[in-house]
Amino acid sequence: MQDHRMTNIARLRDFVTAMTDVVNRHGDDEAATLAAGRDLLGDLIGTDDWLPDQFAKPSTEGYRQYLLYCDPRERFSVVSFVWGPGQRTPVHDHCVWGMVGVMRGAERCEEYGNPVRGEAFGKTGEHRIEPGGIDLVSPDIGDVHVVSNALDDRPSISIHVYGGNIGAVRRHVFDADSGEPREFISGYHNDVIPNLWDRSAES
Ligand code: FE
């Protein structure tokens, strides 16, 4: 049997179902989607009993992004991010809305303003996200940041939800000295996603 049978995968299934209702109902209304989605994500990360181990594995090669679910119309995706000690993202944007919810460990978020080509730019703020904490990003509310593990002795894990199939979105990393963007498509580190639909272990 799969290891997800050992976890409460129904929690992720219920999230996906409720998040589908949110995007059905709120369509292109980003603020309404984020307000409702934030509550749902808070519930999901509030109990750390559902993420199968294979999507919680750090790598010495760098932080991991494991796709957990993608809406069939690619209106949203759910991804587990796993940072080993000392690991961090480059300065990057998303080009869609995103919610970052810390579930295990702690993360550091450094916010950047909008880069201008040919101009150096620095961070405008920095804060730590503890388990249960959620950060929001989007081109409208601030889209450029660096996320890193705030702990130096163990991995940290956050669950991210984005307004698109984030691994396929053409977006940017930035050189902070020049403001120069470089296009990238992140992809994912997993080839298979969790089975949400085996209900045989449920009472
Ligand atoms: Fe990000």
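How far is the sulfur of C109 from the closest cysteine sulfur, and in which residue is that sulfur? The sulfur in question belongs to C95 and lies 16 Å away, too far for a bond. The structure described here is a predicted model.

## Cysteines

A search of the whole structure finds zero disulfides. A disulfide would need two cysteine sulfur atoms within 2.5 Å. For C95, the closest cysteine sulfur is that of C109, and because 16 Å separates them, a bond is ruled out.

The surroundings of these residues can be stated as well. C109 is buried, with a relative accessible area of 2%. C95, at 34% relative accessibility, counts as partly exposed.

## The sheet

An open sheet is built from five strands, arranged in the order β1-β2-β8-β3-β6, with antiparallel pairing. Its edge strands are β1 (64-70) and β6 (134-137), each of which pairs on one side only. On average, and with direction ignored, neighbouring strands of this sheet are turned by 20° against each other.

Strands of a sheet pair through backbone hydrogen bonds, in either a parallel or an antiparallel manner. Between β1 and β2 (residues 77-83), the antiparallel pairing extends over six bridges. Within this part of the sheet, Q65 has F81 in β2 as its bridge partner.

## The helix across the sheet

Which strands does helix α2 lie across? Helix α2, residues 30-46, lies across β3 (98-104), β6 and β8 (156-162). The helix runs at about 15° to β3. Of the strands it lies across, β6 is an edge strand of the sheet.

How values were computed. Residues numbered from 1 in each chain as written. Predicted model: local features only at pLDDT ≥ 70, side-chain atom pairs only at ≥ 80, totals over all residues. Heavy atoms only, no water. Buried < 20%, exposed > 50% of the residue type's maximum accessible area, 1.4 Å probe, protein only. Pairing = 2+ DSSP bridges. Helix = DSSP H or I, 4+ residues; strand = E, 2+ residues; numbered from the N terminus. Axes fitted to C-alpha atoms, helices over the stretch in contact; angles between N-to-C directions. Contact = heavy atoms within 4.5 Å.
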